[in-house]
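Please look at the structure shown below together with its sequence.

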Amino acid sequence: MPRELISIIIPVYNAGKYLEDCVSSVLRSTYEQLEVILVDDCSTDGSGLLCDRLSAQDARLKAIHCQGNGGPGRARNVGLDHMTGGYVAFVDADDTIHPEMYERLYDLLQTHQADISFCSRKVVSDWLADEHADTGVSVFENGVVDVARLGNSTDLESTFLKLYRKAIFSHLRFPESHWAEDLFIVPDYLAQASRIAYTSEQLYFYSVRKDNISFKPPTRKRLDFQILGYEKLYRYFQQKAFDSCRFARYVLFSYAQAWLSFGDVKTRFHYWKGYVSFFAKHTGDASSKGSLLFLLAPQIYCSLMRYRQKK
């Protein structure tokens, strides 16, 4: 049976230093039926011209230019509007992939008749330690993923680790914000997947640099979007009646991270009060030693959290 076309969407914004390595890694894929869509999000460093040059060199590449910078969510949506494949995947412009990534994910998807397949990632960094467990292959039903069976707990949240059937995005698009758009959409695509296949193989190489948006000094807007994203993920798993306590801890961590990011009393009180409201509504799932410590003594909780992060 002939293999179907996979559309790979790469949002590009000021990624001139990394884009060629990214694209080269995708084009080296052992899965050859590829359409690679480079979506230039109004770059100012010449990345747009580089997209044009690369697309002129390989017929599998297509360059699209956005009018105005709209963020990675909008760039992915533009790519979705132009894709022609039966399957779709996303790659960040400063990352690279293993040559067998899409062959492995396609085979997983077909073998288990899944709607989504995904893998784990390997952090490429000279300062951030990677955490990973070899958990093998797992198959999840009814849009529920058991995070305890993943190689890394963040694998669930990462849009770029996954291969999706085109139908998943028939009526679904990313929120067009500059923050946490990949986290916000997780419950939406999980809800449309009757079966999900996973391998803990580290087939995506996630580059962690000081200039990554995730590691820039946080703003209140970015932290607020992150909190809302984790609260949405919590509500999804609460409705599924599966492992909701785990996702309540994610919400606690996001509030504590926001509290720790600002030194003024007014802002810290704002985030503490926000968690008090969440806790009051979801006491059953949210009750833990950590949550009680944050409620009673946020300074102590956050100091312990920061200490553990440094270890």
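Ala256 lies in helix α8, and in this predicted model Ala256 is buried, with a relative accessible area of 0%. Once its neighbours within four places in sequence are left aside, Ala256 is in contact with Phe294, Tyr301, Cys302 and Met305. The C-alpha atom of Ala256 is separated by 8.7 Å from that of Tyr275, a residue 19 places apart from Ala256 along the chain.

**Helix α11 and its two sides**

Which residues of helix α11 are buried? In this helix, which covers residues 289-296, they are Ser291, Phe294 and Leu295. When one looks down the axis of α11, these buried residues fall within an arc of 100 degrees, so they line one face of the helix. Lys289 and Leu296, on the other side of α11, are exposed.

**How the helices pack**

Two packed helices are described by the angle between their axes and the distance between the axes.

| Helix pair | Angle between axes | Distance between axes |
|---|---|---|
| α9 and α11 | roughly 135 degrees | within 10 Å |
| α8 and α11 | roughly 30 degrees | within 11 Å |
| α7 and α9 | about 10 degrees | 13 Å |

The axes of α8 (residues 244-261) and α11 cross at roughly 30 degrees, which makes α8 roughly parallel to α11, and their crossing is left-handed. In this pair, Leu252, Tyr255, Ala256 and Trp259 of α8 meet Gly290, Ser291 and Phe294 of α11, so that Ala256, the residue with which this report began, belongs to the contact. Sorted by class, the contact of α8 with α11 has five nonpolar, two polar and no charged residues.

Helix α11 also packs against α9 (residues 265-281), and here the axes cross at roughly 135 degrees. The helices α9 and α11 are therefore oblique to each other, and the crossing of this pair is left-handed. From α9, the contact is made by Trp272, Tyr275, Val276 and Phe279, while α11 brings Ser291, Leu292, Phe294 and Leu295. Sorted by class, the contact of α9 with α11 has seven nonpolar, one polar and no charged residues.

Is α7 roughly parallel or roughly antiparallel to α9? Helix α7 (residues 220-239) and α9 pack at an angle of about 10 degrees, and that makes α7 roughly parallel to α9. Here Arg220, Leu223, Asp224, Ile227, Glu231 and Tyr234 in α7 meet Thr267, His270, Tyr271 and Phe278 in α9. The class count for the contact of α7 with α9 is five nonpolar, two polar and three charged residues.

Definitions and conventions
Residues numbered from 1 in each chain as written. Predicted model: local features only at pLDDT ≥ 70, side-chain atom pairs only at ≥ 80, totals over all residues. Heavy atoms only, no water. Buried < 20%, exposed > 50% of the residue type's maximum accessible area, 1.4 Å probe, protein only. Helix = DSSP H or I, 4+ residues; strand = E, 2+ residues; numbered from the N terminus. Arc of directions from axis to C-beta. Axes fitted to C-alpha atoms, helices over the stretch in contact; angles between N-to-C directions. Parallel < 35°, antiparallel > 145°, perpendicular 65-115°, else oblique. Left-handed = near helix turned anticlockwise from the far one by under 90°. Contact = heavy atoms within 4.5 Å. Nonpolar A, V, L, I, M, F, W, Y, C, P; charged D, E, K, R; others polar.
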